Amino acid sequence: MIVAKQIVAILRGITPQESVEQVACLLDHGIKTVEITTNSPDWAISLKRVRSAFGDRVQPGAGTVLTPDHVETCAEAGAEFILTPNLDSRVVEAAKRHGLRICAGVFTASEIFTACELGVEVLKIFPAAALPLNYPQLIKGPLSSAVIFSAVGGVDVDNAAEYLRYYDSVGIGSSLYRPGQPVSLTTERCQILLNAGE
């Protein structure tokens, strides 16, 4: 069975007007970790609203973080962590300066080892669907046992249980939330997700 704490809800395209209601729905289903992407309308306002509305009940992060300037805005908006689609040492260092946890996008063995050397806490395998499901097991041998793997890219409410056999967490985007989607549909998608693998 899927455990809600293993899920990162990717809210790409969400507006400030939708943010509180949608996150409330996710919290009702035990999904506390939410990612608001920087290519969403007024994304920093959404982050601030979510942080203000729910406090410590939610773990808000910013995704698609591409520049050190993004990182600074993330910190000001109340993000607890950042997610990147790629590995950029400038972004990693900026996140460290601001005390933000880092989930950096990696794909190859070289990127994975470089990320570990930079002190990245969570390795986001992206796009995960382009690799075998057991990729983390194949590459973990020479890595520290403390390395955490998250699968993003091609993970959805129907196949998340399969990924969680090999990954510590998964990020789920459009199959869980699409811009403008009614909360009733988010509820339905959450139920399908959390009942998967039973």
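Residues are numbered from 1 along each chain as its sequence is written. In this predicted model, local features require pLDDT of at least 70 and side-chain atom pairs count only at pLDDT 80 or more, while totals for chains, interfaces and linings use all residues, and side-chain values use heavy atoms, with hydrogens and water left out.

A closed barrel of 8 strands is found in the order β1-β2-β3-β4-β5-β6-β7-β8, with parallel pairing, where helices (H or I, at least four residues) and strands (E, at least two) are DSSP runs numbered from the N terminus and pairing requires at least two DSSP bridges between two strands. The twist from one strand to the next averages 25 degrees, with axes fitted as lines to C-alpha atoms, for helices over the stretch in contact, and angles running from 0 to 180 degrees between N-to-C directions.

Strand β6 (residues 122-125) pairs in the parallel sense with strand β7 (residues 148-152) over 4 bridges; in β7, F149 is the bridge partner of L123, and S150 is that of K124. On the other pairing of β7, 3 bridges join this strand to the parallel strand β8 (residues 169-172), where S169 is the bridge partner of S150. Of the 5 residues of β7, 4 are buried, that is, under 20% relative accessible area (1.4 Å probe, protein chains only).

Helix α5 (residues 109-118) packs on the sheet and touches β5 (101-106), β6 and β7, its direction making about 160 degrees with that of β6; contact here means heavy atoms within 4.5 Å.

How values were computed
Buried < 20%, exposed > 50% of the residue type's maximum accessible area, 1.4 Å probe, protein only.
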